[in-house]
Amino acid sequence: MTERPAPTCHPENKPEHSMIRAFHNTDMDTVLDIWLRASIKAHDFVAPGFWQAQRDDMRDIYIPSAEVHVYEEGSKILGFHALLEDRLAALFVMPERQGRGIGKALMADAKARRERLVLSVYKSNTASVGFYLSQGFSIECEGRDEATGHDEYIMRMSA
């Protein structure tokens, strides 16, 4: 038997460490960018200008008033969730990183922080409706979002 050298790892092949941590004010620009790009992608039935017009309110009102946690891989933020009391006010993942378990990790984190969660999601956003159903939410009722005029579901999850 011939001896082989011990295997070596190359840093460029090392998996990135991921974690969910509390939002810092220095995360704001990245979180807003993820929110805007993911909103435009997921809500192609709403004009992009609507979302762009909401950016200042997201920065100045909604993000500061919520409990926000970010999903970070290495040193790059790839998604976030925002909780306002028992409401999942937001869960967004960078569009090019969707479908890789980040949303599930963020949802598990949100569930761990609350016994009950309620959310609203546009009926036309079928991918998100399916995701929330797969995560243990059920449709409680239907309504209409006054800001856009689009129908939405109110969904609830209880522990």
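In this predicted model, the largest pocket is lined by 46 residues, and H43, A89, A90, L91 and F92 lie nearest its centre. Helix 1 (28–42), helix 2 (48–65), strand 3 (76–84), strand 4 (87–93), helix 3 (102–113), strand 5 (116–122) and helix 4 (126–134) each give two or more residues to this lining. The volume of the pocket is about 1,300 Å³. By residue class, the lining holds 26 nonpolar, 13 polar and seven charged residues.

Strand 3 has seven of its nine residues buried, so it is largely enclosed by the rest of the structure. Strand 3 pairs antiparallel with strand 2 (residues 67–73) over seven bridges, and E73 stands opposite K76 of strand 3. With strand 4, strand 3 forms six bridges, again in the antiparallel sense. One of the residues nearest the pocket centre, F92, is the bridge partner of F80.

| Hairpin | Residues between the strands | Residue with positive phi | Phi |
|---|---|---|---|
| Strand 2 and strand 3 | two residues | G74 | near 65 degrees |
| Strand 3 and strand 4 | two residues | E85 | near 55 degrees |

Helix 4 also contributes to the pocket lining. Its buried residues are S128, V129, F131 and Y132. They lie on the same side of helix 4 because they cover an arc of only 160 degrees around the axis. In an α-helix there are 3.6 residues a turn, so positions three or four apart point the same way. Exposed residues T126, A127 and S134 sit on the face of helix 4 turned away from the buried side. After helix 4 comes G136, with a positive phi near 95 degrees.

Note on methods
Residues numbered from 1 in each chain as written. Predicted model: local features only at pLDDT ≥ 70, side-chain atom pairs only at ≥ 80, totals over all residues. Heavy atoms only, no water. 1 Å grid on protein atoms, 1.4 Å probe; cavity = no way out; pocket = protein on both sides within 12 Å on 5 of 7 lines; lining within 4 Å. Points joined across faces, edges and corners; volume = space filled by probe spheres on them. Helix = DSSP H or I, 4+ residues; strand = E, 2+ residues; numbered from the N terminus. Nonpolar A, V, L, I, M, F, W, Y, C, P; charged D, E, K, R; others polar. Buried < 20%, exposed > 50% of the residue type's maximum accessible area, 1.4 Å probe, protein only. Arc of directions from axis to C-beta. Pairing = 2+ DSSP bridges.
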